[in-house]
Amino acid sequence: MKRSGKNSRTGLILSAPLLRRAKSKPGRLKPVLPALAAFAMLSWASASAQQQQQVNANPETALSDALTAACRQDSPAFANSLTADNAAAFRALPGAQRTAMMKRFVLLEEPGRVLLSTSSNGQKIVRCESPSFTTEMRLGETRLRENLAFVPMEIPVTGEDARKITFGFVREAGNWKLLSVGLIMLDVPAMAKQWEQADLDASEDAAIADLRSVASALDTYRRAYGKFPDSLAMLGPAPPNGVSPEAAGLLDADLASGNKDGYSIRYTITPAAGGLLEEEANKAEKFALSSSPKEYGKMGRRSFYLDSTGILRGADKQGRIATPTDPRIGPS
């Protein structure tokens, strides 16, 4: 079995054959040991300097780096600002969720250009300039509590009081890492689930609004032309020469195609009972609309049903079509 000697301060490994050669040939020992000693001292000095640099990392700089990465929507750089567990969870998120998280940090939808400056009183300022909007974030004085740090930040708002929030940092492996935003601990896995549900809720709300827009267009069409259209396509954009029963100009192209906001819309007509004149039969017709997510669980979970009565129904149908027997949604 090979044995080795180890310098406990530098971590330098000396192999057993080298030690034996040094002992067996005293004349050669002198050149070897000074070289090893010099190498050990350089290694120790380098390690000490690196450790000192890490320990002295500034929480304000750490926050500035995080905001800069978020502004640029630079996922790898932003992950470096997180604790080890949160960084791993962040890297595992789908790209869209990573981007959404960074957007929330700088309150901007588009990636921007970063400008760093310092005010006359020494306050660090991070400006994130996107094509449509600019956010200015002013960092306050850091409060240290052993291995914790709290950095206040304010965002000036024209005509309103500045928005203020405090970021918490924890020292991890000598570097300052984001720990909390305001009073909320930065738990990326839990936050990802909350944001995913919020996105699903927003998508479902949009699907409901789309159904009501289609229902309103159907009523308008019947008042104009005396009957319901044979298809939703007839409610779509009109050509430059004006509207017609085939292109009524009541819906945008997506809604007229029955596909919008991640949902598919189906349209059916229930004819009136027999024995009526054509005009009366057209007036007595009923319509029904059903809307279901194109990708269940990703664009939404609930399916919806809306008919001529104006009553909205729906439920989690695992992606299947909603029916008139599903629970009512909204005021009863």
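The model is predicted, with local features requiring pLDDT of at least 70, side-chain atom pairs counted only at pLDDT 80 or more, and totals for chains, interfaces and linings using all residues. Residues are numbered from 1 along each chain as its sequence is written, and side-chain values use heavy atoms, with hydrogens and water left out.

One disulfide was found, a disulfide being a pair of cysteine sulfur atoms within 2.5 Å. Cys71 is joined to Cys128 with an S to S distance of 1.9 Å. Cys71 belongs to helix α3 (residues 59-72) and Cys128 to strand β4 (residues 124-129), so the link ties together parts that are 57 residues apart in sequence. Helices (H or I, at least four residues) and strands (E, at least two) are DSSP runs, numbered from the N terminus. Both cysteines are buried, where buried means under 20% relative accessible area, exposed over 50% and partly exposed in between (1.4 Å probe, protein chains only).

Nine salt bridges were counted, each defined as a side-chain nitrogen of Lys or Arg within 4 Å of a carboxyl oxygen of Asp or Glu. Arg113 and Glu129 form one of them (2.8 Å, N to O). Because Arg113 lies in strand β3 (residues 113-118) and Glu129 in strand β4, this pair ties together parts that are 16 residues apart in sequence. Lys260 pairs with Asp252, their closest N and O atoms being 2.6 Å apart; Lys260 is partly exposed at 23% relative accessibility.
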